[in-house]
Amino acid sequence: MTAILEVADLTVSFETESGTVSAVDHVSLDLAPGEIVGVVGESGCGKSVTAMSLAGLLPHSARVTGSVRLRGTELIGAPEASLRRVRGKELAYVFQEPMTSLNPVLTVGRQIGEVLQVHERLSRRQARARAVELLSLVGIPSAARRVDNYPHQLSGGMRQRVMIAMAVACDPTVLVADEPTTALDVTVQAGILEVLRDLRDRLGTSILVITHDLGVIADIADRVVVMYAGRVVERAPVTSLFARPRHQYTHGLLNASPVPGRHAGTERLQEIPGLVPVLTTQPDACTFAERCPAADETCRGSAPPLAPIGEPDHLVACWHPVEVP
Amino acid sequence: MTVLTVPEAETNPSLTRRTRVFRRLRRNPLAVISFVVLAIAVAVALLAPWIAPHAVEDTDFGSIFSPPGTPGHLLGTDDLGRDVLSRIMYGARASLEVGLLAVLTALVIGVPLGLAAGYFRTLDAIIGRFTDLLLAFPFLILAVGLAAIRGASLGNAAVAIGIAQIPGVIRVIRSDTLRLKSLDFVAAAVVDGASDLWVLSRHILPNATSVILVQATVALPAAILGEAVLSFLGLGIQPPDPSLGTMLATAQQFAARAPWAATLPGLVIMILALTFNVFGDALRDALDPKGDR
Amino acid sequence: MARYLLTRAWHSALTLVLASVVVFLGIRALPGDPALALAGEDRSPEALAAIRAEYGLDRPVLVQFGHYVERMVQGDFGTSIRTGIPVSDMLRTALPVTIELSVLAIVIAAALGVGAGVVAAVRRGRPAEWAANFLALVGLSVPHFWLGLLAILYLSVATGLFPASGFVPFFEDPVGNLHHIILPALILGTGLAAIIMRQTRSAMLDSLSADYVRTAKAKGLSPRAVIGRHALRNSLIVVVTIVGLQLGGLISGAVVTEQIFGLPGFGKMTIDAVFQRDYPVIQAVVLLTATAYIVINFLVDLVYSLIDPRIRVAGDAA
């Protein structure tokens, strides 16, 4: 299987008053056609920054290095004009907060149609007609009426469906869903995940789901990337990760949340003692050492590489991986 | 597994906040420059009777319309041969006087009303209508009305400007009171059975000081400009008392003969208002909690 | 929307009534006999008696007020005690000048202010922002009548490009009219432009960092569409209300500007009336200004509710 999206050594740092802060540190991941990959971690672990950097959506103060290849085309350092042709067409986003992520003064039909007008050169009338189709595709009842609604007239779940309709309007190769269900009720969450899965099945869209919710991962992802303090600490197929987590952090996460897989809506990953370290560069240590029960001098002296651990496609960055029972 | 880093609570937030505001102001070159200019302007205005080279009413018909640079008259003389520099010093003094009077009027009336509107729901609607009513009378029209009833004077100009600034004061104090009222420590005081007056004077007013201060720095330059306008039109300070506005009114008639007389007082008004505005902006930025990162 | 507008209409009506009471009481606050003040030069007992009868000054205050409201509603503002011309006739010639001046000033201010505000927000931290911020501060701090004096001194008198004073009605000579009014309108507009610029800038900074702008960028829209369609549209809703609230400042500014450029408008009429103690004119001027302020702000609220869908259409899901 050839990857459709390949991220290699992606590093993002921000210049601030108190010096350079590194948010993402040599992150590598890939996405195959029709695959759903989950990126999981606590808030501030760099997962959203990773997502935003893929299509160059970070503010100018961010320094991004490494490589992001979409169907073989390099996006890092690509001119703004060609990135614009990629955004919304090849690589589309669904954001967390559908209340604030939709423009309050434009109808949802207009906001969906906009993408089609830009990328597919549709007329305003054609775009509107297509918007109605898209709204029914994501399961919005009486789409022909809803198309002229403003965001404040819709419920949270419907707004998130509008976000998805907007993202899939041009049939993108890759969909990046950044915390797509966080702001929603548990019952509504299930519906949204169903829509995403359905899109993958019907259109073959590859989806990168960014979340802090292991329940979402268990529900939808094929493979999982676990991030901690800007680095990938473990990467594995979903079943293998939940059955045999190898990194001490992943292990802690799974212990901290109730039975994963059973639908988990509200648990957040707050149960591991300690705080995520401030993201200043610390190249010569495992970033989790401070909170790790198994940490020793090796962990504080050098950073573990992300390496295979015996099982197919299971990688971990840990000097003292959890023993498999 | 142990809990490692827990951020320590600040011991005295108000004290550290004050030092932080001062530090931010000191680091902002615009704030420092505008503060220095303001200090000089205030000093000159206060000391005008002692440092002005001539008395304001000294006429010298032998040398009317002397250009700037004339010996003894650094900035020249006007149509009656009076020293322009001396009159500008006294004029700036009058500007600041009216400005302070106006802003004090606005604060004395506006702050209690703003506190009441934000704190007592029942009064909010009534004070809101009062604000609407005041807004309907622009300061110049108010000044016209006052001048018609009581005659034009420095005091009336200050009152007209002050009244016109009340709605602005009410608005910002009201919204700050609403914000403070929702904070825990105020709610705790209310639960403890503190009287409304106690809560307002001990908890809300002290915390609203920074907002009042910023509003005052916004209102002052506006009041200075207002005084100049009213005096220019003859609705404020009356000749022969020196005022930058009346100087410009006189200079207008002789502008072709003595353009400097029509230029300099206006420049002084602008510099006064500009430095107040720049300092006000810097102060607002320094006090902005969003900058506390 | 109906509910919002009803509240606004009720508030406006209430303010209008209060304002007319204030003006009514203002005339009665005059020292001495109001009839003397209203009579002007002619203080013969017959004239005073006529005034008392006309204004109903010998009747109870409430009756007087009713009488006064009735006359105002009919557009009868009395007669100038200096010229003997009905105040309504004076207004008929003066108001068009002031309205033209103000509308032109608002157009200039909106164009300059919104343009500079957008540039300052988009070019954050660049020289363009510094320049726009500095110009706005100067615009806020400069005495406009002085700017007018300088313009006359250095533009009109020195170059002869613009007339220093005077006015030609638009329908007699449109070009001459614009020639006379463009400089005063520009001067009057600078202060408002500064305020609009600062409001636009801060509203734009808010909306540019909003999530929906990030969404717009993620859709692959051009910067032009992101800024114009998404950020600016939201910012302008805020700015519209500001313009209404600045009307008072604009009226004050118009009075001074007319005085300097010798435009025969409402402002000049006002100032002349004060110095001639022409009380019927002053009363009309004050009342009319307050009414204009209240009515126009109600219209601004109306426009605001039309352009903001959050008010225009109520939510039916949520």
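Guide: We may begin with the secondary structure of one chain, bearing in mind that this is a predicted model. Chain A contains 12 helices and 12 strands.

Visitor: What percentage of the residues of chain A count as buried?

Guide: Burial is judged by counting neighbours, with 20 or more other C-beta atoms within 10 Å as the threshold. In chain A, 52% of the 325 residues count as buried.

Visitor: How many residues does the largest nonpolar core have, and which have the most contacts inside it?

Guide: The general idea is that in soluble globular proteins, nonpolar side chains tend to be buried together. Here the largest nonpolar core has 266 residues, and those with the most contacts inside it are A:A165, A:L208, B:A143, B:V144 and B:I269. Helix α3 of chain B, residues 84-119, gives the most to this core, with 17 residues. As for A:A165, its contacts beyond four places in sequence are A:I112, A:L134, A:L135, A:L137 and A:V138.

Visitor: At what angle do helices α4 and α5 of chain A cross?

Guide: Helix packing is read from the axes and then from the residues. The axes of α4(A), residues 108-119, and α5(A), residues 124-137, come within 8 Å and cross at roughly 115°. The crossing is right-handed. From α4(A), the contact uses A:G109, A:I112, A:G113, A:L116 and A:Q117, while α5(A) supplies A:R124, A:A127, A:R128, A:R130, A:A131 and A:L134. By class, the residues of this contact are five nonpolar, three polar and three charged.

Visitor: How many residues do chains C and A each give to their contact?

Guide: The size of an interface is often given as the accessible area lost when the parts come together. Here we count residues instead: 23 from chain C and 27 from chain A. On the side of chain C, the elements giving two or more residues are α9 (211-218), α10 (223-245) and α14 (309-312). The largest share, six residues, comes from α9(C). This side has nine nonpolar, six polar and eight charged residues.

Technical notes: Residues are numbered from 1 along each chain as its sequence is written. Chains are lettered from A and ligands numbered from 1 in the order in which they are written. This is a predicted model: local features need pLDDT of at least 70, side-chain atom pairs count only at pLDDT 80 or more; totals for chains, interfaces and linings use all residues. Helices (H or I, at least four residues) and strands (E, at least two) are DSSP runs, numbered from the N terminus. A residue is buried if 20 or more other C-beta atoms lie within 10 Å of its own, exposed if 12 or fewer, and partly exposed in between; C-beta atoms are placed from the backbone. Two residues are in contact if their C-beta atoms, placed from the backbone, lie within 7 Å. Ala, Val, Leu, Ile, Met, Phe, Trp, Tyr, Cys and Pro count as nonpolar, Asp, Glu, Lys and Arg as charged, and the others, Gly among them, as polar. A nonpolar core is a set of buried Ala, Val, Leu, Ile, Met, Phe, Trp, Tyr and Cys residues joined through C-beta atoms within 7 Å. Axes are lines fitted to C-alpha atoms, for helices over the stretch in contact, and angles run from 0 to 180 degrees between N-to-C directions. A crossing is left-handed if the near helix is turned anticlockwise from the far one by less than a right angle, and right-handed if clockwise.
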